[in-house]
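Subject: Structure to look through

Hello,

Here is the structure I promised to pass on. Please open it first, then read my notes alongside it.

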Amino acid sequence: MKRLILATSILAATAALAGPYDEPYSIITVDRAPSADPLLRRVIVNRVDDVTVMSDNKAVVPPGSHKVTLDLPPRKGFNLATQYDLALETRPCMRYYVAAKLDSTTTQTWTPVVRSEEPIGECEKKFLVAKAR
C-alpha cells in the first residue's frame, strides 16, 4: 500500500514538473541578423497570449493560435516606444522570427511581420514531426 502511494506521488510530481519542451513546441523570437531593408526593424517580444515573456526575447509555446504583443523601441527623433499585436498560427517544431515593418522612416506606424521561419531540428527528431508536414 505504501509503495502504491509513493508511486502515485512520484507520478503526480513528475506531471507537475512537465515543461514546454515535453510536447511538440514552437518558438517565437527575434532575428538578430541585420536586414538590408531599412524599413525592417528589430522588436521586443513582450507578451504571448497575455503572458509576459521573461527569457531572452523568445517564447516557447505549444502549436496553435497565439496573440503576440511586440514592442518597437523608440528610435532617433521619437521619444516613445510603440506596441502592436500579431496574430500568429504556429506549427509544431517551427521557429518564427518576428520584426517590425515601418510604414515609413518618418513616422512611428509599423506592422508586425514574421520575417522568416525555420524548422527546429531537435524537436522534429524528438517528436518525429518532419513527416507530418
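Strand β3 covers residues 44–48, and strand β6 covers residues 64–72. Four bridges join the two, and they run antiparallel. Ile44 has Asp71 as its bridge partner in β6. A word on terms: helices (H or I, at least four residues) and strands (E, at least two) are DSSP runs, numbered from the N terminus. Two strands pair if DSSP finds at least two bridges between them.

Please keep in mind that this is a predicted model: local features need pLDDT of at least 70, side-chain atom pairs count only at pLDDT 80 or more, and totals for chains, interfaces and linings use all residues. Residues are numbered from 1 along each chain as its sequence is written, and side-chain values use heavy atoms, with hydrogens and water left out.

Val48 is bridged to Val51 in β4. β3 and β4 make a hairpin, with two residues between them. Look at Asp49 in that turn: its phi is positive, about 55°.

On the β6 side, nine bridges join β6 to β7, again antiparallel. Thr69 has Asp85 as its bridge partner in β7.

**Strand β1**

Now turn to β1, residues 26–30. Five of its five residues are buried, so β1 is largely enclosed by the rest of the structure. Buried means under 20% relative accessible area, exposed means over 50%, and partly exposed lies in between (1.4 Å probe, protein chains only). In a regular strand the side chains alternate between the two faces of the sheet. Both faces of β1 are covered. Ser26, Ile28 and Val30 are on one side, and Ile27 and Thr29 are on the other.

β1 pairs with β5 in the antiparallel sense, over four bridges. With β8 it pairs in the parallel sense, also over four bridges. Ile27 shows both pairings. It stands opposite Val60 in β5, and its bridge partner in β8 is Arg95.

**The cores**

A nonpolar core is a set of buried Ala, Val, Leu, Ile, Met, Phe, Trp, Tyr and Cys residues joined through side-chain atoms within 4.5 Å. The largest one here has 19 residues. Val43, Val45, Val48, Val68, Leu70 and Val98 touch the most other members. β1, β3, β5, β6, β7 and β8 each supply at least two residues of this core. β8 gives the most, with five residues. A second, separate core has six residues, including Ile27, Ile120, Cys123 and Val129.

What does Val43 touch, not counting residues up to four places away in sequence? Its list includes Val30, Leu70, Val98 and Trp110. Contact means heavy atoms within 4.5 Å.

Are Arg95 and Arg75 buried or exposed? Arg95 is buried, with a relative accessible area of 19%. Arg75 is buried too, at 15%.

Arg95 is found in strand β8. Leaving aside neighbours within four places in sequence, Arg95 is in contact with Ile27, Thr29, Ser116, Glu117, Glu118 and Ile120.

Arg75 sits in the loop between β6 and β7. With the neighbours within four places left aside, Arg75 is in contact with Arg41, Leu102, Ser104, Thr105, Thr107 and Gln108. Arg75 and Gln108 are 33 residues apart in sequence, and 9.0 Å apart in space, C-alpha to C-alpha.

**The whole chain**

Two helices and nine strands make up the secondary structure of the protein chain. Along the sequence the pattern reads α-β-β-β-β-β-β-β-β-β-α. Of the 133 residues, 32% count as buried. Take the contacts between residues at least 6 apart in sequence: 64% of them join residues at least 24 apart.

Best wishes
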